[in-house]
Amino acid sequence: MAYFDVPEIEYNRYSNRQLVAVPLAVLAVALLVLSGSFLVYGTPVPLGMDFAGGTELTVQTTTPADEIPSAFDEEPGVTATSSENQYILQFTSTDSEALREQATDGNTGLEQDGDTEIVQAVSSTSASFGQQSQQPALLAIAVAFVGMSAIAFLLFRTFVPSIAIVISAFSDLVIPLAFMRVTGIPLSLGTVAGLLMLIGYSVDSDILLNNHVLRRSGDFYESTYRAMRTGVTMTVTSMVAMLVMGIAAFLFGIDLLASIGTILFVGLAADLMNTYMLNLSLLRWYKFEGVRS
Amino acid sequence: MNPISAVKSHWRVLMLVVFVSFAVVALFIPGGIVADDSYAASTVDSGPTNLEFGLGLEGGTRIRVPVDGLTAENVASSNDVDQARLDEIESTIQSELDLEAADTSVGVQDDGTVTAEVFSGNVTEDEFAAALEAADVDTSGTTIREGVTQNTRDDMIQTIQTKINAAGLSGGTAYEQTTPDGNHYIVVEVPNMGAEELRQLLSERGVVEVVAYYPTADGNQTNETVLTGEEDIAKVDPPEQQGGSYVVPVQVRDSAADTFQQRMNDLNFTTDGVGMCSLDSEGGTVDFDHEGEQYCLLTVVDDEPIAAHSMGDDTRPGQTGLATSMRNEEWANDPSFWMGAQNQQDAQSLSINLRAGSLRAPLDFENDQIYSIEAAHADDFKQYSLLIGLLSVVTVSGVVYGRYTDARVALPMIVTAIAEVVILLGFAAVIRMPLDLSHVAGFIAVVGTGVDDLVIIADEVMAEGDVNSRRVFQSRFRKAFWVVGAAAATTIVAMAPLASPWLSLGDLQGFAIFTILGVLVGVLVTRPAYGDILRALLTDR
């Protein structure tokens, strides 16, 4: 039977400075990636169809994958799904009607697979529509983040522990964004949902840690270890669930669930590091040195 | 233990059982606990549950599209102008910009200001401003913007809704969506309809006219609009087949009937013109290549003639021909006649257009968003979602068991998490919320946060050795719940902007609402119950 337990880390072997250095370095690299991308491409992360406009067709056809592009005026991105003869085609063109006609054209179009419809699904967003979705998405993330920070301050009512939560949550958002840039995952409605969920999810372990250290009696390291036992279990459980969901959804060709799964997996991994290195060392500094000052 | 104290000490678990039973009834008993049919009356339920599914899991098309037009706000104040002046402005704009009557509108808004609208994509703001000045409008306080007025949009949504219903597509809805930066979209959702068809239905403005096509004194033919669908036609019946072609029986308004009858008599349609129409209208378009004089009544939809007919005299026994009764000036007493169409499809859409009225403004399909999915493909998604959901539950269970290796702790945890999903699904069935992929993501998120919180409770309760008294248990449980409540609060706050109607990001609203609901159900019902279950299993009584 699979069995795991959370190992006890000997935190007293490392200084606060050493502990903080790693997550801060990762955060700095992530910010560098995003700002570099902003300077070069104009956006910190690649924008997907939902925000930049474009068309996505799901087709069922016996035409081989490498011959599919020749049916269209514009070269599409072709992704096979786990279903046989089913492909997802992505275009920058927003004229879905014309693309559908090209796909179903009797001579130059795609081969019909039995008697199923060639075009199984169409999703098309005009460039202007996509652009108008950018602002609400940004606003949603900003409002969620500010709201979460307000709750953090309300819960602990002291500056250092609260700001520690806010900083690690910020890093939890920035790292998956940089990951998206590096791996080329475009920002879609699904990834925005993932990022928002991350704001809610990732602070749980921080709240747990702060609560154990600040509101309970007992030795700092003992409290930390108990918080970690619970917190790491939580985060790892969520990570495994998201990984399974992400992989399964990717195989089935369900973009929305696949992107939510990926973003959360990466974000929660970042959260493990941020909570137990960044947040923890800020808390330790506060507990041993900050209180008196 | 007597029954009352038993209930008292287990009320949380009892509440969970009650909620789950309600959910199961709502889910599986046909017609269980169901809200009124208005919300999603269409979706015929054939599945084993009472769940309703949205477009993404059922098949259908959704189009979000802005309205094409320009609006000049604050053209005048309603105190300074009368109806005659409004009409004058409108007709000047029409002639200046060379537009049809249906393409302009000048009217008083609710706040007392006068607005002028132009519904044609080809007019620029400068041209519009020039036309307003030509109409002697003081344009100093006027602002011209893209889009149309709220009144126009409301009117269009109503028309579209009628059009969808008239096309026999139940379950379709049309509503307005506004982005935070003030752009307005009309959203049309129709289950079981392809993108092509729906676009066709919406891109037709449906301006129906009856045009008289007759010879003038100099031997040429000319056109004259004698009836306009919306203004002159009172009642429309479903299409009927008449010989080789199709007709739509309509009744003309009394106010227009006399004029129409008079005009037909004046133009000799009821005398020389009887039976004198030989225009060929095969294939839905009318061929105007002809010899000799023609007296035709053309059915014109969106400036496109679709059929041509002459007036008939007493051709069938026992029935008075249209020409006869018009000649005798009796027709206006019972002013009904048939409008012609070539084929059934044309007749159907003619009837829809006449009944629904025309769209006040065209829709701008250059800037739209379309989502369309075949029913079969949507059904695949339904099964995949179920599978992904099950996989997630199994995975979480595996990890939880691996961590505790104690069935007394892990098993109730898994059962509680599943109960949470069942309650949520039951809730969805009760309010008949159409489920989509985004809700599935929400469910999985709920399982995730749910188990997280159960882990917090279990760890806290079992910390520092065995739990042997109820008091110890209670105090530990209360401590754990502080963290659970705090975590729930952050999740709700993070999701709140997405769930709010002011910040609509389409698909994500369902996800956010479901996650919030799940968290609430968790904090208020399932997690306290888990605490009780755990207590019963851990404390020896």
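How many helices and strands does chain A have? Chain A has 8 helices and 4 strands, where helices (H or I, at least four residues) and strands (E, at least two) are DSSP runs numbered from the N terminus. This is a predicted model, in which local features need pLDDT of at least 70, side-chain atom pairs count only at pLDDT 80 or more, and totals for chains, interfaces and linings use all residues. Residues are numbered from 1 along each chain as its sequence is written, while chains are lettered from A and ligands numbered from 1 in the order in which they are written.

**Chain A overall**

- Along the sequence, the elements of chain A follow the pattern α-α-β-β-β-α-β-α-α-α-α-α.
- Taken along the principal axes, the C-alpha atoms of chain A fill a box of roughly 80 × 50 × 30 Å.
- Of the 293 residues in chain A, 54% are buried; a residue is buried if 20 or more other C-beta atoms lie within 10 Å of its own, exposed if 12 or fewer, and partly exposed in between, with C-beta atoms placed from the backbone.
- Among contacts in chain A with a separation of 6 or more, 75% come from residues 24 or more positions apart; a contact means that the C-beta atoms of two residues, placed from the backbone, lie within 7 Å.

**Domains of chain A**

- Chain A is assigned domain 1 (11-48 + 128-290) and domain 2 (54-125), with bounds from an automatic or database domain assignment.
- The centres of these two domains of chain A, taken over C-alpha atoms, are 38 Å apart.
- Contacts between them involve 5 residues of domain 1 of chain A and 5 residues of domain 2 of chain A.
- On the domain 1 side, H4 and H7 of chain A each supply at least two residues.

**Where chains A and B meet**

- In total, 63 residues of chain A are in contact with 65 residues of chain B.
- The elements of chain A that give two or more residues to this side include strand E4 (119-125), helix H4 (127-156) and helix H8 (255-290).
- The chain A side has 39 nonpolar, 19 polar and 5 charged residues, with Ala, Val, Leu, Ile, Met, Phe, Trp, Tyr, Cys and Pro counted as nonpolar, Asp, Glu, Lys and Arg as charged, and the others, Gly among them, as polar.

**An open sheet in chain B**

- In chain B, 4 strands form an open antiparallel sheet in the order E3-E4-E2-E5.
- Strands E3 (104-108) and E5 (143-146) of chain B stand at the edges with a single partner strand each, so one side of each has no neighbour in the sheet.
- Neighbouring strands of this sheet are turned by 20° against each other on average, direction ignored; axes are lines fitted to C-alpha atoms, for helices over the stretch in contact, and angles run from 0 to 180 degrees between N-to-C directions.
- Strands E2 (residues 70-77) and E4 (residues 113-118) of chain B pair over 5 bridges, and B:Ser77 has B:Thr113 as its bridge partner in E4(B).
- Helix H4 (residues 83-97) of chain B packs on the sheet, touching E3 and E4 of chain B, and its direction makes about 160° with that of E3(B).
- Helix H5 (residues 125-134) of chain B also packs on the sheet, touching E2, E4 and E5 of chain B, at about 25° to the direction of E2(B).
- In E4(B), 5 of its 6 residues are buried.

Technical notes: Pairing = 2+ DSSP bridges.
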